[in-house]
Amino acid sequence: MIATALAAQTARIGTETGLSEWVTIDQNRIDVFAEITDDPQWIHTDPVRAAAETPFGGTVAHGFLTLSMASKFAIETFDKFEGQTMGINYGFNKVRFLSPVCAGDRIRGRFKLNSVLQKSETQLLQEHGLTIEIEGKDTPALICQWLGMAVFE
């Protein structure tokens, strides 16, 4: 089954493999993220001060909050391969934060398959280019190269 998945994914290299739904990054989500990560930086959690003292017009999401949404976007867009028992986050080769996500912005993930490699009899390593777009903005929130391991029976 891994050979079938490898052949199918090899044929998709260089193509878009997923586009998620839009999700709103509201102030509540930003505040909860600040709380669970012990990062209450005022540019994220104080709308009045952020409006007065930043060029953003209000609070902005943590970069890591934006990046963490990649999991949601992947779950929405990727199907398991036949015989796949799990998927594992294998890490990133490169992450660049290009534009701030302001409270109230909507974001989505766009995936492009860069490469696929069989690592073992049960493991298929894929690298996706991920662009997290901000609705209505030309510059994305971030771009990265995300590695995922598909594990088979």
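Residues are called buried under 20% relative accessible area, exposed over 50% and partly exposed in between, using a 1.4 Å probe and protein chains only. The structure is a predicted model, in which local features need pLDDT of at least 70 and side-chain atom pairs count only at pLDDT 80 or more, while totals for chains, interfaces and linings use all residues. Residues are numbered from 1 along each chain as its sequence is written, and side-chain values use heavy atoms, with hydrogens and water left out.

A search of the whole structure finds five aromatic pairs; rings of Phe, Tyr and Trp (its six-membered ring) pair if their centres lie within 6.5 Å, with planes under 30 degrees apart counted as stacked, over 60 as edge-to-face and the rest as tilted. One of these is Phe64 with Phe97, an edge-to-face pair at 6.2 Å centre to centre with 90 degrees between the planes. Phe64 belongs to helix H5 (residues 63–77) and Phe97 to strand E3 (residues 84–97), so this pair ties together parts that are 33 residues apart in sequence. Helices (H or I, at least four residues) and strands (E, at least two) are DSSP runs, numbered from the N terminus. Phe64 is exposed, at 60% relative accessible area, whereas Phe97 is partly exposed at 44%.

Phe92 and Trp146 make a stacked pair, 5.8 Å centre to centre and 10 degrees between the planes. Because Phe92 lies in strand E3 and Trp146 in strand E6 (residues 142–152), the pair ties together parts 54 residues apart in sequence. Here Phe92 is partly exposed, at 31%, and Trp146 is buried, at 11%. Together with Phe78 and Phe111, Phe92 and Trp146 form one aromatic cluster.
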